[in-house]
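Please look over the sequence and the model before turning to the points below.

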Amino acid sequence: MEPDRLNSPDTSAILFEVLGHQLQFSQDPNSKHLGTTVWDASMVFAKFLEKNCRRGRFSPSKLRGKRVVELGAGCGVAGFGMALLGCDVTSTDQTEVLPLLIRNVERNTSSIVQMNSGSDSFGSIRVAELNWGNEDHIRAVDPPFDYIIGTDVVYAEHLLEPLLQTILALSGPKTTILLGYEIRSTNVHERMMEMWKGNFEVKIVPRAKMDNKYQHPSIQLYIMNLKPLERTKITRECVDQPIEEVETGPIKNGSDEDCDASCGVDEVTEVEVENASGRMVPVPDLQDKKLSEWEARRYGAMAARLLRDIKIS
Ligand SMILES: C[S@@+](CC[C@H](N)C(=O)[O-])C[C@H]1O[C@@H](n2cnc3c(N)ncnc32)[C@H](O)[C@@H]1O
């Protein structure tokens, strides 16, 4: 994307309130690059941090000064969630996405710093190029990190291996990996789980732990740590660098069963229709109710999926 497209009429802005800050992310949905759009899993991720930051491993007292790298950052929403809790974030993506990412980082950082003058709750956020699998890029961001984060970075099978290798190369023995993504393909999802479970202890965040509104059955969040055997394989110089152990918060492996009615994604009644691939998808019964911005996003996602499945003969 050329920098002069940043202010084109096609550029739209997403206003997103998180951790008491009104953030604004420019996006360019008409570009050919996926990274110039804010994806829903990034909002679910940031709102999950907001909900769980009062105590435990995601509280500012535990996160202050932690080094975080965000992979495939896009417009940078998830990284801001961590930076607002005190982390020093390196937000990375491919070169085509960087002009928009830099602009979003600069604009939001300056508004947070202005609003927060005198307070040290905001950490920092900087941008770097990182193509998965590129050893020079990986070295340049100076691993290992305390946290590796990514939202909606799992969507194509051919990217799973370079993504995994990049995560391993950025990890130290105590690195925690936080990933969020929307399941769009069962094949990719199953392959991903197989690869990750081979390397990490994988915990799935139950929906009851997510924000009541910013969640959806197809969007999952994962908290992962290297398996003991994988930890011993990591033999970089910095392996012995002390990284304070993060306290395990009250997150347990769980299903949606412990999620009460209040954490349902919508307040509107849902019925289901069968799409062209035979899957059941919910449709809203709107009656007189207005859609919230989040609900509108989710129904937009559903419409896109239905349209994708329609075969025009
Ligand atoms: C669907 S977008 C998600 C963007 C953002 N994380 C969000 O949730 O809004 C996928 C992101 O992964 C990045 N990506 C895809 N392949 C990559 C690669 N090989 N190396 C680095 N980033 C890559 C894209 O540039 C894009 O920003």
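What kind of contact do the side chains of D136 and R139 form? They meet in a salt bridge, at 2.8 Å from N to O; a salt bridge here is a side-chain nitrogen of Lys or Arg within 4 Å of a carboxyl oxygen of Asp or Glu. The model is predicted, so local features need pLDDT of at least 70 and side-chain atom pairs count only at pLDDT 80 or more, while totals for chains, interfaces and linings use all residues. Residues are numbered from 1 along each chain as its sequence is written, and side-chain values use heavy atoms, with hydrogens and water left out.

- D136 and R139 stand three residues apart in helix 5 (residues 135-140), which separates them by about one helical turn.
- Helices (H or I, at least four residues) and strands (E, at least two) are DSSP runs, numbered from the N terminus.
- Both D136 and R139 are exposed, where exposed means over 50% relative accessible area, buried under 20%, and partly exposed in between (1.4 Å probe, protein chains only).

- The structure holds six salt bridges.
- One of them joins R184 to D152, with the closest N and O atoms 2.9 Å apart.
- This pair links distant parts of the chain, 32 residues apart: R184 is in the loop between strand 7 (171-182) and helix 7 (186-199), and D152 is in the loop between strand 6 (145-151) and helix 6 (157-170).
- R184 is partly exposed, at 29% relative accessible area, whereas D152 counts as buried, at 8% relative accessibility.
- D152 and R184 also belong, together with E182, to a network of salt bridges.
- A salt bridge of 4.0 Å, N to O, is formed by the side chains of E157 and R191.
- Because E157 lies in helix 6 and R191 in helix 7, this pair ties together parts that are 34 residues apart in sequence.
- E157 is partly exposed, with a relative accessible area of 43%, and R191 is partly exposed at 30%.

**Nonpolar surface patch**

- L34, W39 and Y155 form a nonpolar patch on the surface, with about 270 Å² of accessible area together.
- Patches are made of residues with over 30% relative accessible area and no salt bridge, like charges being joined within 9 Å and nonpolar side chains (Val, Leu, Ile, Met, Phe, Trp, Tyr) within 5 Å.
- Accessible areas come from the Shrake-Rupley method with a 1.4 Å probe; for residues, only the protein chains shown count as cover.
- L34 lies in the loop between strand 2 (21-27) and helix 1 (40-51), and is partly exposed, at 40% relative accessible area.
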